[in-house]
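Hello,

Here is the structure you asked about. Please look it over first, then read the notes below.

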Amino acid sequence: MQPEPHGPGGGTATLTPSPFSLFDDAGSYAAAVDTFLAADAPTSVPVWTGERTDLAAAAERAASLYGEVRRPAPRTHGVLLGPDTLPDGLSALIAPCALTWLDADALAAPLELLSGTADGTSGPRTLLVAGLYEHFTVDLLWPLVRAAARHPEVRLSFLTGRDAASLAWFTAKQYRAPAADVHEVGLFTGVDRGLSRDGIHLRNEAEVATADVRAEMLGTRWRRLMLQGHGKDDSINLADFTVCGLNETVGRDRTLVAPICATSTCYKPVDKLIQLRDVRATEVVLSSCNNSPFADAAVYDPKYQLMLNAIDGTASDVIGAITVHASTRPENIVWTEAALAGSSSVAALNASIGTSEPFPAYVQFGLGDDTGDLPELPAVEPEPLFLTTSARLTAYLGGGLLPPNHALRPRLGKLAAKVEGQVSRRDLAVHQERGPVLRSLKDDLQSLDMAVATAFVNDPENELSNAYAHFGERSRIDLDGVTPVRCQCGRPAERYTRRALVPTALDTEGVVCTRCGDVAFRLLDSPSLLIHSEDGALQGAANEVRVAVREARPGILRLGLTFASYGRAGCTIEPELRKVRIAADGTGETTFTLTLSPEIPPHGYYMTAFAVQDLAVSIARRNFGVLSAADGD
């Protein structure tokens, strides 16, 4: 039971004289093709409709979309599948679409085919595969699609149709150029909220819920049109509107699965169905999952296929997705720029989605002659500082290092949520000007670094000071990375790395001395410290301690100095905390004054320098002895 909006033509056909000559008889069609190909300046392209009224209506509807006759730019090579299933005239019309035709056996070795070794030729090549949809199978064509994705210089195109009449109609459209006054570019998306762009007719996720999408889509002549939303191979959802793949004029194979509308009414509002065949567009981009599956990978009977319905309609080029994909804001941006620049839609989309998918998602049906340069892809790789910050926040918040009631947890959690959103592909595509976002992160980090450093001043034995023991228990030493070095005391030491076993621990680096013991700890990619001072001093003496910073991020770093807990009451350190500016080479230094009281017990002590930058706490220790002032006299 089919609702009225599915009726063929949908009332959108025009009375403009058709640039196509229609033939029901195969013999008359073959003769017309011969005449057409031999003519110096033909004015009408022959089409064999096989008595299909929907194709005749589509040809009438396409009259206002196409202008002059032009021969398609031939591909260097072509493969025709099932040539014996096609009428003679159709094979003849397909023949000029490639310079050299190969047997279907050539598809068995796609890498050799694309590189030219299959036929003994060399150099860049373009490839056309033509034939009935039933011959477009996964095992035959998927290896070719995958191989072509690794050869960006290769252009791969398909010509197909649900039957010979559909293929004849689709092939005929390759011989007409879009009319000069057809230039509208449109994008309707049911999944990208907030998308905006001047210069195109755009309806984003919020707008398709309120606009009359059906009237806008059917009432416009489109040069290029993208439809993006959730769906299957039979439909794309745009809020309450549905772009439908049903062609009710063709037969149904009842041995195949069909959508619910085959036995009942559509699950979406009937008055908001948009039959794709009725849309007037020279190029249609279907940006949903599985909207153009190969014949043996389809969910539904070809009667309901979106891609086949688009081919039956007015489009000379249909870009579709042969499998699942996660096309989002980056792809919408790059497609829009490509459409406005006259670039290839399929090349732009696959180049963009290649940053998130392990396989090409889109293929091109039609020969497409858009030769403009591809637009620059949106940058979707986050700055390393975002990833470093996220890893540290995960370790601090996700494990048992900080107790549930720790004062810093709310602030760390807020920053973690902020950073998590800022590394998504969508957010990165939206905020292409990364300067303000990066400055905001650095401001957040400086504020938190100050809070962490202040906590160390108030209590040098706080929870974060135990981080290296905590992480070390959840790590293993990388024995291949142990390196002999010299301690500041001049004795042999070893530098080693512990590799975290769980996401709630971090990789750490330590230095252990044969005399001094543990003298340094830091997270990887964080500052290293060296303490320069005398080895000891008399009771009551004032001592200058210089702390040098290496391998820090240029910018601001918080640096402090503490004394061993068992001697802390017998000395003062001024100032408690320093703000150090790190140079472009990652270095910096500052000084502290360590003043020993006359009453501090003579003993062996140590001092600890700590630096806080980007939530990493780096630690260095140096042994320091206090001598009796009386003995010094």
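A residue counts as buried under 20% relative accessible area, exposed over 50%, and partly exposed in between, using a 1.4 Å probe and protein chains only. At 26% relative accessibility, Tyr606 is therefore partly exposed. Tyr566, with 47%, is also partly exposed.

The model is predicted: local features need pLDDT of at least 70, side-chain atom pairs count only at pLDDT 80 or more, and totals for chains, interfaces and linings use all residues. Residues are numbered from 1 along each chain as its sequence is written, and side-chain values use heavy atoms, leaving out hydrogens and water.

Next, the rings. Rings of Phe, Tyr and Trp (its six-membered ring) pair if their centres lie within 6.5 Å; planes under 30 degrees apart are stacked, over 60 edge-to-face, and the rest tilted. There are 14 aromatic pairs in the structure. One of them joins Phe158 and Phe294, whose centres are 6.4 Å apart with planes at 75°, so this pair is edge-to-face. Phe158 and Phe294 are both buried. Tyr566 and Tyr606 also pair edge-to-face, at 6.3 Å centre to centre and 70° between the planes.

Last, Ser628. At 14% relative accessibility, Ser628 is buried. Not counting residues up to four places away in sequence, Ser628 is in contact (heavy atoms within 4.5 Å) with Leu538, Gln539 and Pro602. A polar atom of the Ser628 side chain lies 3.2 Å from the backbone nitrogen of Ala630.

Regards

Definitions and conventions
Polar contact = N/O pair within 3.5 Å; in protein donor to acceptor, adjacent residues only side chain to side chain.
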